[in-house]
Amino acid sequence: MDSQPIEEIAARWVARRYDDAWTDADQVRLEEWLQAATAHRISYIRLETAWSEAARLQALGAGVPAGVAPPRRSWSTTHAMQEVSAGEQDDTAVRRRFGPWLSAAAVLVMAVAGSVLFLAVDRSRGDRYSTPVGGLETVSLGDGSQVTLNTDTRIRVSLRESERHVDLERGEAFFIVAKDRSRPFVVKVGNKSVIAVGTQFSVRRQSNDVQVVVTEGRVNLAPSEGDASHVPTSLDAGAIARTLNAEVLVSEHSASEAVQLLTWRSGFVSFHDTPLAEAVAEFNRYNIHKIVIADASIAGVRIGGNFRSNNADAFLWLLQRGFPIAVEREKERTLLKRR
Amino acid sequence: MVTLAMNGSLDHWFATEILVHEAALMRYLRRVWPNAADVSELRQEAYVRVYEGAAKSRPGSPKSFLFTTARNLMVDRMRRERIVSIDYTQDVDSLNVLVDEISPEQRLSARQELRCLGEAFDQLSDVVREVIWLRRVEGLSQREAAQRLGIPEGTLESHLCRGLRSLANAVFGNSPEQVARGGARESDKGTEHGQPAD
């Protein structure tokens, strides 16, 4: 048996299987080829697994501009994945811990087909837009502004004469606001408001608290409506603000750093020294099939890197290979245990 | 939410329970088998036997099953091809004891694995590197990547295949560097480069 020609053919199958041009007819032919000999199947599984693993190169290329491969040897300085025992989490890094839960991502494979945008007819209460779990949608508003809705998000938009008004009922959205000084652009989250004129920013709602990332211009965050003791907080480009009840915590970044925190808009989740529990919570935002940490002792394992959010399987596979973690797939959920 | 075309739990089992031992298996084969040129074929044939065996009944200890299968395969071949001396065939029984000795758990840390992958990636030619990067990391289609690089799609696919096969060897701990390290560590057990002990 000569495995080299088989491996060559298997590699071509993998290359085509993960190309946009793949069709149902191709799938049938692949199944036939796999059925024809176990040696075919073995080669295919091996190379497909390698293809899956090669996604890790992404983590190594963090910070490299899109469009070209990073220069050779750029790996050595990259810290890509790191394990720290559960007890070593510290609180010094409030700022860096913003990263993971900000930089959510989108589009699960199974959700793509279902990521329908709903536009309700009830104009009196404004236009409603929503995305399902795993959805990611961009809509243009009547004033020329654009809104990108992340997973599991619901907004209501009413463009009034005095004010452009968006209720963020749940989830996370990124706004590119068309300039119109006569009509401020107001995003309401519970009793809090984010007010802009012409700028770019994202707002994420978690219960009644809000987190705002400003990538261009300036916005005002009014933490508590009708409370004279709370003046609006002014946020410039690069600012990341998070409210906790009536308190506002602001951290300053460069505008380009702030943009890095919005990778969800292109379908990535990014982790930097992130506890596993937070990383799993991020993936679960995009998945109906939930990942559950079944052993508290692994919750603090630190994860780094960029992951395509439509590839929770790759994430699980890497966890299994790189960490002392066992992945148990059940019908409704996937359990993570210490191995 | 299955993103891989692999379907069925058997394929998944094979990837997670068998392929992870590839580096150890290759060291074992290289050490025991006299002709290094045959080792890839032996690996492939062992995999086929393991897969087909597991299709009938999933073994309790996948790793032992893999190594036992590899051993039996070599014994069969030695006898069939008469490529070894009588002395050597008598030594065949010593293959029995090797499984745990020769393949101590040496799971690489995530950081080491990543370094292996990065090093393998760096060893690819410029154009193969670019192809892998654009297709796998940036998610371009074959057509988009071919246009970006100004090469025909067929050429691009060939580059991708070459890169993928190289990376597979790195992913499974099979790269020349690791082979060298593994060989050095185990050479004190009485056999070296597949030659029988005196």
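Let's start with residues 84-94 of chain B, where the pLDDT stays under 50; pLDDT is the predictor's confidence in each residue, on a scale from 0 to 100. For that stretch the model has 13 contacts beyond four places in sequence, a contact being heavy atoms within 4.5 Å. Across chain B the mean pLDDT is 74, and 68% of the residues reach 70 or more. Residues 1-7 of chain B are also below 50, and this stretch has 29 contacts beyond near neighbours in sequence. As for the scores of the model, ipTM is 0.79 and pTM is 0.48.

A quick word on ground rules. This is a predicted model, where local features need pLDDT of at least 70 and side-chain atom pairs count only at pLDDT 80 or more, while totals for chains, interfaces and linings use all residues. Residues are numbered from 1 along each chain as its sequence is written, chains are lettered from A and ligands numbered from 1 in the order in which they are written, and side-chain values use heavy atoms, leaving out hydrogens and water.

Now please look at chain A. You'll find nine helices and 18 strands there; these are DSSP runs numbered from the N terminus, helices being H or I with at least four residues and strands E with at least two. Of its 339 residues, 54% are buried. Buried means under 20% relative accessible area, exposed means over 50%, and partly exposed is in between, with a 1.4 Å probe and protein chains only. If we take contacts in chain A between residues at least 6 apart in sequence, 52% of them join residues at least 24 apart.

So what sits inside? In general, nonpolar side chains in soluble globular proteins tend to be buried together. A nonpolar core here is a set of buried Ala, Val, Leu, Ile, Met, Phe, Trp, Tyr and Cys residues joined through side-chain atoms within 4.5 Å. The largest one has 99 residues, and those touching the most other members are Leu276(A), Ile303(A), Phe315(A), Leu336(A) and Phe14(B). Beyond four places in sequence, Phe14(B) touches Ile42(A) and Ile45(A), and within its own chain Leu19(B), Tyr47(B), Val50(B) and Tyr51(B).

His159(B) belongs to helix α10 of chain B, residues 153-171. Is His159(B) buried or exposed? It counts as buried, because its relative accessibility is 13%. Leaving aside neighbours within four places in sequence, His159(B) is in contact with Val127(B), Val128(B), Val131(B) and Ile151(B).

Next comes Arg148(B), in helix α9 of chain B, residues 142-149. Arg148(B) has a relative accessible area of 44%, so it is partly exposed. Its contacts beyond four places in sequence are Gly67(A) from the other chain, plus Leu134(B) and Leu140(B). Glu130(B) is 18 residues away from Arg148(B) along the chain, and their C-alpha atoms are separated by 10.0 Å.

My last stop is Asp152(A), found in the loop between β3 (146-149) and β4 (153-159) of chain A. Most residues other than glycine have a negative phi. Asp152(A), however, has a positive phi, near 50°. At a relative accessible area of 26%, Asp152(A) is partly exposed.
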